[in-house]
Amino acid sequence: MAILEVKGISKTYGNEDTIFEALNDISFNVEKGEFLVILGNSGCGKSTLLSVLGGLDTVNDGEVIISGYNITTNFFNNITSFRRKNIGYIQQSFNLIDTLSVEKNIRLPIILDNKKVDESYFKKIIKFLDIENIIYRYPKDIKSGEKQRVCLARALIKKPLIIIADEPTGSLDKENSDNIMKLLRLANMLLGQTIILATHNEKIALVASRTIKMVDGKIESDIKKI
Ligand code: ADP
């Protein structure tokens with residue numbers, strides 16, 4: 001069974017006078033362990049698509065099913081809890097909580113879920129991401145590259161069904177950008193983590209096992225590497 005089923009989704013913004021079709025009849029499936037890049041120019045609908053796949057927004061038409069759970073029909077039925085448990089979301093702007101230490105930022109999704117953090121996995125993840133030395137600092141005291149590695153740790157710690165990354169290198173210099181892409185690739189290969197990443201950058205798309213190209217809210221091509 002596919003881990004993600006996207007069935008004919010469409011999404012419009014605005015009202016009757018200013019209607020704008022951001023997603024137009026998009027369908028595809030994602031298998032467990034895939035590293036899918038959604039590639040396309042700014043404004044083609046990548047962020048809209050990811051926010052729908054991640055349960056942050058809903059659609060006008062169609063359905064999104066994650067591991068058998070229909071997040072479209074259940075959108076107003078505890079979607080926050082489903083999202084927190086099952087989706088790791090990484091954004092260009094980091095979205096760390098400034099008043100919490102790095103360590104607490106990473107642990108928060110699990111604590112909110114009334115679960116216990118798997119301590120040996122926590123140690124493994126912070127070592128893998130080379131953030132052991134900064135876990136007691138606060139987000140304002142760490143560099144951008146470190147912030148994005150913390151966001152990746154916060155996503156990985158809950159062993160999510162899918163990591164969704166929206167232009168995760170958008171606020172990073174080349175070195176940190178290459179590093180975060182390498183770490184995402186390793187998380188995909190070593191942990192079998194399913195990843196869906198949006199970017200406008202064709203070079204970044206090269207790490208993916210599959211690339212869906214979007215143009216004006218539609219899928220233009222869907223290519224898997226052999
Ligand atoms: P991308 O991530 O590829 O840059 P977006 O999904 O952010 O594309 O945006 C797709 C289109 O939808 C753009 O034309 C954008 O202006 C429009 N759009 C996005 N969010 C909104 C919104 N909340 N209200 C109205 N239009 C929006």
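Analyst: α6 supplies five residues, the largest share of the lining of the second largest pocket. This is a predicted model. The helix α6 spans 174-191, and α7 spans 202-205; each gives at least two residues to the lining of the second largest pocket.

Now the residues themselves. The second largest pocket has 15 lining residues. Nearest its centre lie S177, D178, N201, K203 and I204. By class, the lining of the second largest pocket holds four nonpolar, six polar and five charged residues. The volume of this pocket is about 280 Å³.

Next, the largest pocket. It holds about 460 Å³ of space. Its lining counts 18 residues, and those closest to the centre are R83, R84, Y89, R154 and K158. The lining of the largest pocket divides into nine nonpolar, five polar and four charged residues.

Rolling a probe the size of a water molecule over the atoms shows where empty space is left. A search of the whole structure turns up one cavity of 30 Å³ or more. The largest cavity has a volume of about 30 Å³. Its lining is made of V52, D57, T58, V59, V64, I71, T72 and F75. Five of the residues lining the largest cavity are nonpolar, two are polar and one is charged.

Finally, the protein around these spaces. It has seven helices and ten strands. Its radius of gyration is 17 Å, close to the 17 Å given by the globule rule for 226 residues, so the protein is as compact as a globular protein of that length. Along the principal axes, the C-alpha atoms fill a box of roughly 50 × 40 × 35 Å. Of the 226 residues, 51% count as buried. Take the contacts between residues at least 6 apart in sequence: 69% of them join residues at least 24 apart. The protein exposes about 11400 Å², and carbon and sulfur atoms supply 49% of that area.

Back to your pocket. In short, it has a volume of about 280 Å³, takes five lining residues from α6, and has S177, D178, N201, K203 and I204 nearest its centre.

Conventions:
Residues numbered from 1 in each chain as written. Predicted model: local features only at pLDDT ≥ 70, side-chain atom pairs only at ≥ 80, totals over all residues. Heavy atoms only, no water. 1 Å grid on protein atoms, 1.4 Å probe; cavity = no way out; pocket = protein on both sides within 12 Å on 5 of 7 lines; lining within 4 Å. Points joined across faces, edges and corners; volume = space filled by probe spheres on them. Nonpolar A, V, L, I, M, F, W, Y, C, P; charged D, E, K, R; others polar. Helix = DSSP H or I, 4+ residues; strand = E, 2+ residues; numbered from the N terminus. Rg over C-alpha atoms; globule rule 2.2 N^0.38 Å. Buried < 20%, exposed > 50% of the residue type's maximum accessible area, 1.4 Å probe, protein only. Contact = heavy atoms within 4.5 Å. Areas by Shrake-Rupley, 256 points an atom, 1.4 Å probe, with all protein chains shown as cover.
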